[in-house]
Protein chains: 4
Amino acid sequence: MLEAAIIGASGYSGAELLRILTQRNDVRIRKVVASSSVGQRVDAVYPSFAGRVDLEYEPWDPTACANCDIVFSALPSGESMKIVPQVLDHGARVIDLSGDFRLPTAALYERFYKHTHTAPHLLGSAVYGLPELSRAQIAEARLVANPGCYPTSAILGLLPVLEDKIIEPSGIVITSMSGISGAGRSATLELSFSEVNENIRAYKIGTHQHIPEMQSVLARVSAMEVSLSFVPHLVPLTRGLYTTIHARLDVPVTSDELFKLYSQRYHHEPFVRVKRQIPQVKDVVYTNYCDIAVYAYASSGQVVILSVIDNLVKGAAGQAVQNMNIMFGLPEREGLY
Amino acid sequence: MLEAAIIGASGYSGAELLRILTQRNDVRIRKVVASSSVGQRVDAVYPSFAGRVDLEYEPWDPTACANCDIVFSALPSGESMKIVPQVLDHGARVIDLSGDFRLPTAALYERFYKHTHTAPHLLGSAVYGLPELSRAQIAEARLVANPGCYPTSAILGLLPVLEDKIIEPSGIVITSMSGISGAGRSATLELSFSEVNENIRAYKIGTHQHIPEMQSVLARVSAMEVSLSFVPHLVPLTRGLYTTIHARLDVPVTSDELFKLYSQRYHHEPFVRVKRQIPQVKDVVYTNYCDIAVYAYASSGQVVILSVIDNLVKGAAGQAVQNMNIMFGLPEREGLY
Amino acid sequence: MLEAAIIGASGYSGAELLRILTQRNDVRIRKVVASSSVGQRVDAVYPSFAGRVDLEYEPWDPTACANCDIVFSALPSGESMKIVPQVLDHGARVIDLSGDFRLPTAALYERFYKHTHTAPHLLGSAVYGLPELSRAQIAEARLVANPGCYPTSAILGLLPVLEDKIIEPSGIVITSMSGISGAGRSATLELSFSEVNENIRAYKIGTHQHIPEMQSVLARVSAMEVSLSFVPHLVPLTRGLYTTIHARLDVPVTSDELFKLYSQRYHHEPFVRVKRQIPQVKDVVYTNYCDIAVYAYASSGQVVILSVIDNLVKGAAGQAVQNMNIMFGLPEREGLY
Amino acid sequence: MLEAAIIGASGYSGAELLRILTQRNDVRIRKVVASSSVGQRVDAVYPSFAGRVDLEYEPWDPTACANCDIVFSALPSGESMKIVPQVLDHGARVIDLSGDFRLPTAALYERFYKHTHTAPHLLGSAVYGLPELSRAQIAEARLVANPGCYPTSAILGLLPVLEDKIIEPSGIVITSMSGISGAGRSATLELSFSEVNENIRAYKIGTHQHIPEMQSVLARVSAMEVSLSFVPHLVPLTRGLYTTIHARLDVPVTSDELFKLYSQRYHHEPFVRVKRQIPQVKDVVYTNYCDIAVYAYASSGQVVILSVIDNLVKGAAGQAVQNMNIMFGLPEREGLY
């Protein structure tokens, strides 16, 4: 039996972790921490858990996680780095769903996140938790930086062609459309139903904090400088994330050859499905799958890659559980659908 | 040329008034007042007005409306009653879209609105602005209390059978489903997209402030005590309001006879359409129509009435403009679709 | 290991059965039958099953289910009664999700379903599969008639007050709002996105085939004639069903007393949650729960009951699995969330 | 008074033409033709027109439009070219909303539309009806080919930078997201609500018939060969179209300079708004506006252009009315919002 805690458990990622973990018999959630809801029962904040989760939100306390095997932090970026060092000091392993430990340097972090990094000493040892890229390191890690939702879809879409140097590493165009739950659980006018419904809008062009995450991981994969343009859009659905990528082919290749390349690259991956048909959000919601299709266009010399996930599952809580399974030697699909 | 002002112009009803009135050549909007957005251009708050509305939100000032013919107040209930007396004193006529002047007594108001009425002296002279009920009085009124969205649909649905004493005035069951814009423009978690989308929920059962409004108007119409149960629901669409009413027949009558009764009652009404087919929201959005169907069920002795509007148009701004047209002797359909 | 087959597996209820059953280790789906998709792989019709379901749709064949323990029929009403007798003859037990075996007499069936009943001899032995009402009989049944979605919500909402004779059994008003998946998987203009989105409409008032189902079950429960008016509405969401019921109190009772009555009645039920707060669709989607709240209004002498389910789970496939669990002596919650 | 007819009036574009034109006093719709609905009243097919449109759908008849000044064809591509020559022969001017007369050659047409062009002699004289590009020719035209929805947004987004040779004309990446009404009024499974809602999917990558339309117009504008990749996506809203374009800068330029360039280029255009803020669908629905923003990224050497319209208005019926206004010397904004 794994003993687990969730810090920052009252947001959507925290709730999704609860949804997934409470269906298992081999994990016990000892504690849920959420400063904004201290003293409230989980099923008062999320009535869907009535009859299933018998816990109350607790305040943060450094000794809180002393006897836990694994602690998930679903705190916002900037908050997570304040508690993660303490949790590690008390002996638990940590999967951090925030952006705080995903970038290689504090300087890069501070440029995009707009605040000082208070735990830069951990950046070197944190493992970027994309199993398809770093399974072995994740297995050994004490601190896993769970990837962002956009980077998960974009990196999985680009891995095979960058690893095999099939595309130019510069001028990659990544256009994403995200469901609104990706923006978190918050009371803001711009996320209110009447503003979002029947609407589409781009946001944070050129400034999104996921840009350096994609760029640094992809640079590592390709051992080359990678330059990309990333434009995320909010579209009116709750869950789901669709990423459409354009890149220039460096070597002549057909769609069939790319299909084979991707199929081989992901052959043993339990949660990546390479498709001949155009993927869609509907096929992955409430699952941990990433569905990918890739097409070459000889005439324009471009490749088009489509990569689709549920932002709350493979893009957050599901991938965190996949990482936990790997870290503790459990079957990787355990508890995931 | 009518000179108009809108107080409380930054909410959805205020913006809808702007949308409707700025398409007219015979009305000039001199001033838009909105405390929360003072100094901002209208098209900064609502970019849809770029190139069409060249105004800035101004602070409230009692002399502000001195030279206006008509002032619309789209302030929240409780706020409107503070400024309406001053506007009247300065000579303008007023259409108030809040609930502040719709009820016959301050006591009833205070029971449902939970605060003191500060202008009870105006309750006697305010005219309830449902043209289908009180066209002549509206034409003469200095203060029109524009009806609530739920009451508009429910009262228009019930008028003919209550006026003709065809149903029992007690035990009327009114179930409504409203689009989310009806809840106003506000930054609250419970109106956020991720909470509202793919969701349905009832709210304010037995306590909604539109209950006394319906009850007092219907009692006046029928010259009898009216008792009703009202359950409103929020459903995931932006605009539209669907009201389904059950009542017990007091006299035997067929669906055909009811269709004729309703057709006659509303024959000269420009914005009520009596239908044989089941009405739907889609047919009335962005219009000032109320679509109504009525069916008698001899076996159960019940009548079912369906009444559908756009909550922002016939349920708010459109009806306000219809009232303005009546008050100033303009063609009633002018500027309305 | 239970051996199962699904007939009519290409519709939404069939796909939901697959989604639920393929997550279990103790049930093997031997066969999926769907005339319209014969020869296609399940994951070609539903790409979400790629990597999880390795089956092809087969044509119907009377010997097809010879070695199955349990056969689910998710065929449309009218089709199911043609194959169910043959399946029973070959020895399998059947859970029928259609309306074909829910009504007590062929005459009543033919009046509402508008075609002849071809297997009336089975109506007597079919057990209405609402576990909260007939658990013991379900356990023994060879043919279970799985309840309709609207009746599931309405009957669970009304059971306690009718069993205890707290409300008048006549004049019950049932207003329901359903997600669109309840209308099935079909290529019709009126279910197309552009017609349904941002729309609300009532349908089949007084003629819906679920009316006699509710009426006959509720009459049995209360040992009285029950008369009700039922108005279903389509609202723009995919999953979820909200039922709001009004009835007249026969005995004076408070909301608190009703809460206790319902809590006791459903105390041992694994999938009914009695709530003090107003329930919402969001809390039950993708689960087998029915959330219920009940309020008494002394002034109007009425009770308001709210009952909410996921139409595809507790309203169809989930309840079918719950019935299967009961029929085969498995833990009732097994495989259900 | 202009005398007008609409052929193919029962689809969404036809209905939108009716919605716009019936609000005018200077246009009379003499006739609506729709083979699939012959004999039905317009308000039986579209109940929203009850009380406003007193017409019946008629069958096609070559003499039908003899006395019309202007005939709109909203027939599907492939159908329109069969009737347009006859209409022209009878003396009316034509605005064709299909794709039949938008491409320069029959060969190109046949490659993308997959059927033979039966009126190639008209391709030379048909004027591509984008007012911002060809106002003078439209004024004189007897046959206007009304642009497609995607090309309208993409071409307006690219015009200034291509005319001024600021970007490379090759490798342009156009990613679009469209509301579902763009797919037309049709009874197909893939457009049904349960399939589209909470879903996103790309379609027709590299094969969409709007590709040669964009390419040929943009080549003409830039007097260079243009190569582009176009990926359209369906997202769950009814109206609205969002186009996000990436291109490589050929000359160094800042966002501010681009803003000025676009502002000057479109200064006198009544329906193009150049924005500093990121545009959104919500600001243009039910209007004829195209909202555009453009940003330069020196580091990556790329420009990002956002261009947003209502696919049924500026992307179809509204632009057709704008063209009509130009053709008949009426104020260009007349009847358009």
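View 1. The model is a predicted one: local features need pLDDT of at least 70, side-chain atom pairs count only at pLDDT 80 or more, and totals for chains, interfaces and linings use all residues. Residues are numbered from 1 along each chain as its sequence is written, and chains are lettered from A and ligands numbered from 1 in the order in which they are written. Helices (H or I, at least four residues) and strands (E, at least two) are DSSP runs, numbered from the N terminus. Helix H8 of chain D covers residues 210-222, 13 residues in total. From its first C-alpha to its last H8(D) reaches 18 Å, close to the 18 Å expected at 1.5 Å a residue; the expected span is 1.5 Å times one less than the number of residues. The buried residues of H8(D) are D:His210, D:Ile211, D:Pro212, D:Glu213, D:Met214, D:Gln215, D:Val217 and D:Leu218. A residue is buried if 20 or more other C-beta atoms lie within 10 Å of its own, exposed if 12 or fewer, and partly exposed in between, with C-beta atoms placed from the backbone. The cover over these buried residues includes helix H4 (106-113), strand E6 (127-128), helix H6 (149-163) and strand E10 (228-234) of chain D.

**View 2. D:His90 lies in a loop of chain D, between helix H3 (80-89) and strand E5 (93-96).** D:His90 counts as partly exposed because 15 C-beta neighbours lie inside 10 Å. Leaving aside neighbours within four places in sequence, D:His90 is in contact with D:Pro62, D:Thr63, D:Cys65 and D:Ala66. Contact means that the C-beta atoms of two residues, placed from the backbone, lie within 7 Å. D:Arg239 is 149 residues away from D:His90 along the chain, and their C-alpha atoms are separated by 35 Å.

**View 3. An open sheet of 7 strands in chain A has parallel pairing.** The strand order is E3-E2-E1-E4-E5-E7-E6. Two strands pair if DSSP finds at least two bridges between them. Strand E3 (57-58) and strand E6 (127-128) of chain A stand at the edges with a single partner strand each, so one side of each is left without a neighbour in the sheet. Strand E2 (residues 27-33) of chain A runs parallel to E3(A), and 2 bridges join them. A:Val33 stands opposite A:Glu58 in E3(A).

**View 4. Chain A is assigned domain 1 (2-147 + 315-327) and domain 2 (150-311).** These bounds come from an automatic or database domain assignment. Taken over C-alpha atoms, the centres of the two domains of chain A are separated by 24 Å. Domain 1 of chain A puts 19 residues into the contact and domain 2 of chain A puts in 23 residues. On the domain 1 side, helix H4 (106-113), helix H5 (131-140) and helix H10 (313-327) of chain A give two or more residues each. H10(A) gives the most, with 5 residues. By class, the domain 1 side has 11 nonpolar, 6 polar and 2 charged residues. Ala, Val, Leu, Ile, Met, Phe, Trp, Tyr, Cys and Pro count as nonpolar, Asp, Glu, Lys and Arg as charged, and the others, Gly among them, as polar.

**View 5. Strand E14 (residues 302-309) of chain B is mostly covered, with 8 of its 8 residues buried.** B:Gln302, B:Val304, B:Leu306 and B:Val308 point one way from E14(B), while B:Val303, B:Ile305, B:Ser307 and B:Ile309 point the other way. Strand E11 (residues 241-248) of chain B runs antiparallel to E14(B) and is joined to it by 8 bridges. B:Arg248 stands opposite B:Gln302 in E14(B). Strand E13 (residues 290-297) of chain B is also antiparallel to E14(B), through 7 bridges. B:Ala293 has B:Leu306 as its bridge partner in E14(B). E13(B) and E14(B) form a hairpin with 4 residues between them, and B:Gly301 in the turn has a positive phi of about 65 degrees.

**View 6. In the contact between chain C and chain B, 36 residues of chain C meet 36 residues of chain B.** The largest share of the chain C side, 4 residues, comes from E11(C). By class, the side of chain C that touches chain B has 18 nonpolar, 14 polar and 4 charged residues.
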